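Trainee: I am new to this structure and would like to go through it step by step. May I put some questions to you?

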Amino acid sequence: TLSPIAARVLRLSSSADADFDQLTAIIEADPTLSARVLSLCRRAALGISQPITTVRRAATMLGLETLQATLLSVQVYEVLRQHDRALQA
């Protein structure tokens, strides 16, 4: 099951009239997702002279499809990590 934040981001980003400000505010509310988005964008932006320090700038550079893929990968990783913990207990 997706987290409530993940579900909101996916629902909003799938809309034809997605509100980018609302989308970035939701992402910023989740520290793990924010860090992942910033990290991904920093790795992809090797030729950019200005550092990428905000989720809004990173989201703008990555685009909606990449944000969705990032969100899903974070969620899958979390589910697998929880499953691994349950097996070790």
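Trainee: Among contacts in the chain between residues at least 6 apart in sequence, what percentage join residues at least 24 apart?

Mentor: Please note that the model is predicted. The count takes contacts between residues at least 6 apart in sequence. Of these contacts, the share that joins residues at least 24 apart is 49%.

Trainee: Which elements are included in what covers the buried residues of α1?

Mentor: Helix α1 spans residues 4-14, and its buried residues are Ala6, Val9, Leu10, Leu12 and Ser13. The cover over these buried residues includes two helices, at 20-28 and 64-88. They are α2 and α5.

Trainee: Is Thr70 buried or exposed?

Mentor: Thr70 belongs to helix α5. Its relative accessibility is 5%, and the cut-off for a buried residue is under 20%. Thr70 therefore counts as buried.

Trainee: Which residues does Thr70 touch, not counting residues up to four places away in sequence?

Mentor: Residues up to four places away in sequence are set aside here. The contacts of Thr70 are then Arg36, Val37 and Leu40.

Conventions
Residues numbered from 1 in each chain as written. Predicted model: local features only at pLDDT ≥ 70, side-chain atom pairs only at ≥ 80, totals over all residues. Heavy atoms only, no water. Buried < 20%, exposed > 50% of the residue type's maximum accessible area, 1.4 Å probe, protein only. Helix = DSSP H or I, 4+ residues; strand = E, 2+ residues; numbered from the N terminus. Contact = heavy atoms within 4.5 Å.
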